[in-house]
Amino acid sequence: MKRLLTLLLAVSLAVPAISQTLFQHPWQGKRVGYFGDSITDPRNKAANKKYWSYLQDWLQIAPYVYGVSGRQWNDIPRQTDKLKAEHGDDVDAILIFIGTNDYNAGVPIGQWFTEVSEQVMAGIHEPKHMVDRRHRYPVMADSTYRGRINRALDYVKRMYPGKQVVLLTPIHRAQFYANDQNWQPREDYTNKCGEYIDAYVQSVKEAGNLWAVPVIDLNALCGLYPLMDEHAEFFNNAATDRLHPNNEGHRRMALTIMQQLLALPVF
């Protein structure tokens with residue numbers, strides 16, 4: 001009996017080592033473009049180790065980082081152009097993590113489509129003939145949030161049709177008091193166009209279906225909730241900056257992203 005227990009213990013200790021040797025994360029060693037704002041920007045000093053830095057350490061992902069502080073969805077085509085100019089097609093995937101500044105700036109949500117009545121040829125269980133149908137066209141306008149997302153994803157998916165593109169929803173945000181000209185209230189206040197951040201988060205989720213791109217819902221999944229004082233420890237400054245995660249906040253985001261990426265292929 002003692003020998004049997006010893007054998008079982010030896011096997012149980014060996015199994016994790018064997019599984020770690022056999023299993024490889026599908027994103028291991030890939031080249032990833034990161035588009036976004038200050039939370040992605042390597043020059044932002046709220047954290048000296050960003051979520052993409054952790055992914056680089058854990059998965060040896062080569063990060064091509066183009067996020068810039070303060071940028072909004074209308075900057076994604078520019079970031080795409082920069083990735084193309086510097087790396088061409090030598091990239092495996094693109095992660096887009098942006099939207100909190102659109103909310104802060106009060107960019108109107110807008111509509112995904114305009115609709116017009118048109119005629120189209122159809123033949124469903126009858127000879128084909130012209131029929132009246134409504135036809136929708138994506139709004140491609142930087143004047144609205146959804147128009148910006150449409151324009152950006154149309155641009156990215158045409159520039160990189162064979163690459164995996166993943167959207168990340170904006171995380172929760174509380175106060176950010178930089179100076180008198182940059183004094184941002186918490187997310188439980190509406191912005192100047194009367195919208196809560198929820199509408200901006202929801203639009204990113206909807207964009208996933210509209211543009212056939214997967215969405216990692218960091219807003220729900222990463223657990224960061226700076227409106228609670230107890231969660232201030234994951235952000236830059238409890239009194240003045242609960243917008244930008246610190247190192248530990250970025251580590252939590254990175255853990256969430258790493259687990260979610262397990263379900264997504266790199267084409």
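User: Which residue in β2 does Gly33 stand opposite?

Analyst: Let's start with the general idea. Strands of a sheet pair through backbone hydrogen bonds, and they can do so either parallel or antiparallel. In this predicted model, Gly33 faces Tyr64 of β2. The strands involved are β1, residues 31–36, and β2, which are joined in the parallel sense by 4 bridges.

User: What order do the strands of that open sheet have?

Analyst: Read across the sheet, and you get β2-β1-β3-β6-β9: 5 strands with parallel pairing. The edges belong to β2 (62–65) and β9 (215–216), and each has a single partner strand, so one side of each lacks a neighbour in the sheet.

User: And which strands does helix α5 touch as it packs on the sheet?

Analyst: Helix α5, residues 145–159, touches β1, β3 (93–97) and β6 (164–168). Compare directions too: the helix makes an angle of about 170° with β3.

User: Where can I look for an antiparallel pair?

Analyst: Go to β4 (residues 113–122) and β5 (residues 129–138), which run antiparallel and are joined by 10 bridges.

User: What about the largest pocket: what is its volume?

Analyst: About 160 Å³. It is lined by 13 residues, and the closest to its centre are Ser38, Asn44, Phe176, Asn182 and His244. Two elements give two or more residues to that lining, β8 (182–184) and β11 (241–245). The largest share comes from β11, with 3 residues. By class, the pocket lining has 9 polar, 3 nonpolar and 1 charged residues.

User: Last one: where does pLDDT stay under 50?

Analyst: Look at residues 15–20. That stretch has 0 contacts beyond four places in sequence in the model. For the chain, the mean pLDDT is 94, with 92% of residues at 70 or more.

Methods:
Residues numbered from 1 in each chain as written. Predicted model: local features only at pLDDT ≥ 70, side-chain atom pairs only at ≥ 80, totals over all residues. Heavy atoms only, no water. pLDDT = per-residue confidence, 0-100. Contact = heavy atoms within 4.5 Å. Pairing = 2+ DSSP bridges. Axes fitted to C-alpha atoms, helices over the stretch in contact; angles between N-to-C directions. 1 Å grid on protein atoms, 1.4 Å probe; cavity = no way out; pocket = protein on both sides within 12 Å on 5 of 7 lines; lining within 4 Å. Points joined across faces, edges and corners; volume = space filled by probe spheres on them. Nonpolar A, V, L, I, M, F, W, Y, C, P; charged D, E, K, R; others polar.
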